[in-house]
Amino acid sequence: MEKKPLESKEKLFKIRHSAAHIMAQAVMECFEKNGPVYLAGGPPIDNGFYYDFLLPRKINEDDLTWIENRMKEIILEAHAFSRENVDEKIARNIFTNQPLN
């Protein structure tokens, strides 16, 4: 059965959304010893995904290599992804240490 374009687009959106979260985890692990890492959000976009961070120091090429490798490790760990809708008060409590959200 051939996939419908919309169905494929929705799946790609979910993959990119998940990849953004995986990247955020890797970045937080990479910089945790240098100070707080603040997440400002980052959605999937038409040609990939991104995340805005406020980091305790400038990112460098070694960091990027480490982050990429860590992302691959996280993917191989095959974590389950789930979605949970919460109201704003609960969300603010979850992200209390993330002032940019």
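These questions and answers concern a predicted model of one chain.

Reader: In what order do the elements of the chain run from the N terminus on?
Author: The chain holds three helices and four strands. Read from the N terminus on, the order of the elements is α-β-β-β-β-α-α.

Reader: What span is expected for helix H2 at 1.5 Å a residue?
Author: Helix H2 covers residues 61-76, which is 16 residues. From first C-alpha to last, H2 reaches 23 Å. That is close to the expected span, 22 Å.

Reader: Within what arc do the buried residues of H2 fall, seen down its axis?
Author: The buried residues of H2 are Asp-63, Ile-67, Arg-70, Met-71 and Ile-74. An α-helix has 3.6 residues a turn, so residues three or four places apart point the same way. Seen down the axis, the buried residues of H2 line one face of the helix, because they fall within an arc of 110°.

Reader: Which residues are exposed on the other side of H2?
Author: Buried residues of H2 include Ile-67 and Met-71. On the other side of H2, the exposed residues are Glu-61, Asp-62 and Leu-76.

Reader: Which residue caps the N-terminal end of H2?
Author: The backbone nitrogen of Asp-62 lies 2.9 Å from a side-chain oxygen of the capping residue. The residue that supplies this oxygen and caps the N-terminal end of H2 is Asn-60.

Reader: Which residues does Val-27 touch, not counting residues up to four places away in sequence?
Author: Leaving out residues up to four places away in sequence, Val-27 touches Val-37, Phe-53, Leu-55 and Ile-67.

Reader: Why is the aromatic pair of Tyr-51 and Phe-53 stacked?
Author: The structure holds one aromatic pair. The ring centres of Tyr-51 and Phe-53 are 5.3 Å apart. Planes under 30 degrees apart count as stacked. The pair is stacked because its planes are at 20°.

Reader: Is Phe-53 buried, partly exposed or exposed?
Author: Buried means under 20% relative accessible area, and exposed over 50%. Tyr-51, at 16%, is buried. At 24% relative accessibility, Phe-53 is partly exposed.

Key: Residues are numbered from 1 along each chain as its sequence is written. This is a predicted model: local features need pLDDT of at least 70, side-chain atom pairs count only at pLDDT 80 or more; totals for chains, interfaces and linings use all residues. Side-chain values use heavy atoms; hydrogens and water are left out. Helices (H or I, at least four residues) and strands (E, at least two) are DSSP runs, numbered from the N terminus. The expected span of a helix is 1.5 Å times one less than its number of residues. Buried means under 20% relative accessible area, exposed over 50%, partly exposed in between (1.4 Å probe, protein chains only). The arc is that of the directions from the helix axis to the C-beta atoms. A polar contact is a pair of N or O atoms within 3.5 Å; within protein, one must be able to donate a hydrogen and the other to accept it, and residues adjacent in sequence count only if both atoms are side-chain atoms. Contact means heavy atoms within 4.5 Å. Rings of Phe, Tyr and Trp (its six-membered ring) pair if their centres lie within 6.5 Å; planes under 30 degrees apart count as stacked, over 60 as edge-to-face and the rest as tilted.
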